[in-house]
Amino acid sequence: MIEALHKELKDAESIKEARAVIIAAEGRVYSSGHDINELKSSEGVEKHKRLFNSCAAMLSHIQTMSLPVIAEVNGIAAAAGCQLVATCDIVIAGKTSKFSVPGAKVGVFCSTPGIPLARCIPRKVALDMLLTADYIDADKALQVGLVSRVVDDNLVHQEAVSVAKKIASLSRSIVSLGKNFFYTQVELAINDAYRMGSRVMVDTLRLVDSQEGIDAFVNKRKPNWTNTNKKAH
């Protein structure tokens, strides 16, 4: 499943017309994480290494890929499933959705799920979830920053598509540049982030799509994006 999802993400990124990716699931479980049977010692250390390395590679790719990734959650997201949610750029959740990192209950602390979790919600909340193995509901997830929007369960897909369409109306190259800079700058000291941000802003203004957007706004018309990194000057 991990390798298949990773391949789908790479394939989507290679599609010239693609503007965003939605990761959804059927049924009331968004993702319950790894198959617990794969974690038994009988599977062997090498298989365990491949499993977690493969998962890390796929999740890292979500944040480095050029397309925004939207999680469409309508149910339970637990363990590595919650890790996936915490990694995605935008998360749309149904009101009855629940989120947890309950590995400690079965003797497997959710160490890797805690990595993106600690980077998108307050540490005290992340540790509360990790150490107690309790779930949080969608409203709490929105409050602490794990999800972006909460809607009625029957509107989750509609909302996810609506968000994707809004992204699709923008320049792919500008969105990609912005996403890349966002994840880079959050790891920097604020002064370094501002220095880098100033350079990025200047470089962005050299792009054809940047100047097209400015001209379209000034002249009150719809922009005609090239969706490329072509330079205007």
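The model is predicted, so local features need pLDDT of at least 70 and side-chain atom pairs pLDDT 80 or more, while totals for chains, interfaces and linings use all residues. Residues are numbered from 1 along each chain as its sequence is written, and side-chain values use heavy atoms, with hydrogens and water left out.

Me: What makes domain 1 and domain 2 separate domains here?
Reply: The bounds come from an automatic or database domain assignment, which gives 1–168 for domain 1 and 171–219 for domain 2. Their centres, over C-alpha atoms, are 27 Å apart.

Me: How do you know that the domains are in contact?
Reply: Contact means heavy atoms within 4.5 Å, and 17 residues of domain 1 meet six of domain 2 that way.

Me: Why is the Lys179 and Asp89 pair called a salt bridge?
Reply: The term asks for a side-chain nitrogen of Lys or Arg within 4 Å of a carboxyl oxygen of Asp or Glu. The closest N and O atoms of Lys179 and Asp89 are 2.8 Å apart, so the pair qualifies. Between the two domains the count is one salt bridge.

Me: What makes strand 6 and strand 7 a pair?
Reply: Pairing takes at least two DSSP bridges between strands (DSSP E runs of at least two residues, numbered from the N terminus). Strand 6 (residues 98–100) and strand 7 have two, so they pair, running antiparallel. Lys98 has Asp137 in strand 7 as its bridge partner.

Me: Where do those strands sit in the sheet order?
Reply: The open, mixed sheet of four strands runs 2-4-6-7. Strand 2 (29–31) and strand 7 (136–137) are at the edges with a single partner strand each, so one side of each lacks a neighbour in the sheet.
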